[in-house]
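Please look over the sequence and the model before reading on.

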Amino acid sequence: MDISHPLPAVPFNPATVAPPIGKYSHLVPVDPGAQWVFISGQVGAHADGTIGKGAYEQTHAVFSNIEQLLTELDATPRNIVRLLTFVAGVEHLPEFYRARDEVYARWYPDDVYCGHSLAVVAALADPKLHLEMEGWVALSPTSADSDVV
């Protein structure tokens with residue numbers, strides 16, 4: 001693909017489309033030499049296997065699991081290109097948003113977010129689960145903790 005103008009090196013939202021309705025960026029450039037790592041669906045289970053009570057606690061557990069996986073990669077949330085969240089029922093959205101906003105305040109203090117899609121589904125694999133999140137991570141060939149993915 002030949003782009004006639006250089007892309008910004010960080011996630012951005014062009015003025016030619018409506019601004020995001022949530023905490024995500026419309027476009028997330030990735031270094032052409034990046035190594036891709038895909039995070040399989042993470043659920044609200046703690047390291048000991050117990051499942052968090054309620055959507056708020058499960059959301060924090062999901063983000064904690066993702067942080068642990070990023071640590072294994074010597075990466076940071078800045079390496080996340082995109083997240084996809086499945087929430088089992090609209091009734092869990094307020095607690096998901098509350099927990100997500102707390103984590104994002106730490107992960108993205110400059111309000112420059114990764115891409116994100118959210119789907120409300122009827123159920124997940126286990127009826128005790130309120131959400132599941134998967135992710136796409138790009139590791140820069142020069143530095144895993146760079147602000148530029």
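Is aspartate 101 buried, partly exposed or exposed, given its relative accessibility? Aspartate 101 counts as partly exposed because its relative accessibility is 28%, a value that, like every other one here, comes from a predicted model.

**Aspartate 101 and lysine 23**
- The side chains of aspartate 101 and lysine 23 form a salt bridge, with 3.5 Å from N to O, and the pair connects distant parts of the chain, since aspartate 101 lies in helix 2 (residues 93-107) whereas lysine 23 lies in the segment before strand 1 (35-43), 78 residues apart.
- Lysine 23 counts as partly exposed, at 26% relative accessibility.

**Arginine 106 and glutamate 67**
- A salt bridge of 2.6 Å, N to O, joins the side chains of arginine 106 and glutamate 67, and this pair also links distant parts of the chain, with arginine 106 in helix 2 and glutamate 67 in helix 1 (residues 54-72), 39 residues apart.
- Glutamate 67 has a relative accessible area of 22% and is therefore partly exposed.

- Glutamate 95 and arginine 98 meet through their side chains in a salt bridge of 2.8 Å, N to O; because they are three residues apart in helix 2, about one helical turn separates them.
- Glutamate 95 is partly exposed, with a relative accessible area of 30%, and arginine 98 likewise counts as partly exposed, at 41% relative accessibility.

Technical notes:
Residues numbered from 1 in each chain as written. Predicted model: local features only at pLDDT ≥ 70, side-chain atom pairs only at ≥ 80, totals over all residues. Heavy atoms only, no water. Salt bridge = Lys/Arg side-chain N within 4 Å of Asp/Glu carboxyl O. Helix = DSSP H or I, 4+ residues; strand = E, 2+ residues; numbered from the N terminus. Buried < 20%, exposed > 50% of the residue type's maximum accessible area, 1.4 Å probe, protein only.
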